[in-house]
Amino acid sequence: MNFENFHIIKHPLIEHKLTYIREKHTSKKEFKELVDEVALLMAYEITKDFSLQEIEISTPICKTKSKVVSGKKVVLVPILRAGLGMVDGILKLIPSARVGHIGLYRDEKTLKPVSYYFKIPSNCEDREFILVDPMLATGGSAVAAADMLKKAGAKNIKFMCLIAAPEGVEKFCKAHPDVKVYAAGLDEKLNEHGYIVPGLGDAGDRLFGTK
């Protein structure tokens with residue numbers, strides 16, 4: 001995919017864990033743990049452009065200057081419900097991050113997103129948003145969620161997913177060229193039902209044990 005704002009995060013541990021996330025015989029418990037771990041590893045990569053500032057601290061030996069993350073406060077925004085499965089892993093790396101929620105579901109007939117919930121912290125323009133959803137399939141829900149964040153005043157948004165389909169990448173990147181998209185894997189296509197092939201099935205069902 002030749003979009004400047006689309007990035008595949010390549011790392012041996014991510015690829016290893018993603019294999020078992022895809023495996024249909026992976027248990028619910030193992031699936032959730034693996035999603036947590038991959039989300040943490042991906043968050044490490046997508047936050048490496050965070051700005052730093054120098055402060056003075058006191059070590060047990062002496063005073064010295066060292067660096068801390070500066071600038072905008074981070075807000076994680078999972079697209080409900082599957083996006084919730086990625087939040088805990090990221091919070092392990094950024095425990096001070098706030099968590100907003102966007103409720104969207106895909107109409108199985110039209111494949112278009114339907115909104116039912118939206119709650120994020122105030123002062124959006126002063127925050128760094130990380131929008132998360134395990135799947136970027138048709139792209140409809142992700143585009144709608146980014147639209148909602150921008151309408152609320154968000155200026156700095158990144159989108160993170162486990163796997164993406166070419167159709168979803170194209171739709172999202174064209175709709176939001178200013179939003180960087182990070183995926184652990186780019187799959188072959190969507191099937192006639194709008195599911196990613198080879199994919200990993202329904203992430204929400206596998207995370208929460210529903211069918």
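How are α2 and α3 oriented to each other: roughly parallel, roughly antiparallel, roughly perpendicular or oblique? They are oblique to each other, because their packing angle is about 50° and the classes are under 35 degrees for roughly parallel, over 145 for roughly antiparallel, 65 to 115 for roughly perpendicular, and oblique for the rest. Angles run from 0 to 180 degrees between N-to-C directions, with axes fitted to C-alpha atoms, for helices over the stretch in contact.

This is a predicted model, in which local features need pLDDT of at least 70 and side-chain atom pairs count only at pLDDT 80 or more, while totals for chains, interfaces and linings use all residues. Residues are numbered from 1 along each chain as its sequence is written, and side-chain values use heavy atoms, with hydrogens and water left out. Helices (H or I, at least four residues) and strands (E, at least two) are DSSP runs numbered from the N terminus.

The axes of α2 and α3 are 7 Å apart. In this contact (heavy atoms within 4.5 Å), residues of α2 including K32, D36 and Y44 meet residues of α3 including M86, D88 and K92. The contact of α2 with α3 has eight nonpolar, two polar and four charged residues; Ala, Val, Leu, Ile, Met, Phe, Trp, Tyr, Cys and Pro count as nonpolar, Asp, Glu, Lys and Arg as charged, and the others, Gly among them, as polar.

Helix α2 (residues 28–46) also packs against helix α1 (residues 12–22), at about 155° and with the axes 9 Å apart. The two are therefore roughly antiparallel. Among the residues of α1 in this contact are L13, I14 and L18, and among those of α2 are F31, L34 and L41. By class, the contact of α1 with α2 has eleven nonpolar, no polar and two charged residues.

R81 is found in the loop between β4 (73–80) and α3 (84–93), and the peptide bond from L80 to R81 is cis, with omega near 0°. UniProt, in an unreviewed entry, places a "binding site" feature at residues including R81, R106, D133, P134 and D202. Of the annotated residues, the lining of the largest pocket includes R81, R106, D133 and D202, among others.

Two other loops have backbone features to look at. A cis peptide bond with omega of about 0° joins V197 and P198, and P198 lies in the loop between β13 (196–197) and α6 (203–208). N123, in the loop between β7 (113–119) and β8 (127–132), has a positive phi of about 55° although N123 is not a glycine.

Note on methods: UniProt positions renumbered as here; feature names shortened; annotations may be inferred. 1 Å grid on protein atoms, 1.4 Å probe; cavity = no way out; pocket = protein on both sides within 12 Å on 5 of 7 lines; lining within 4 Å.
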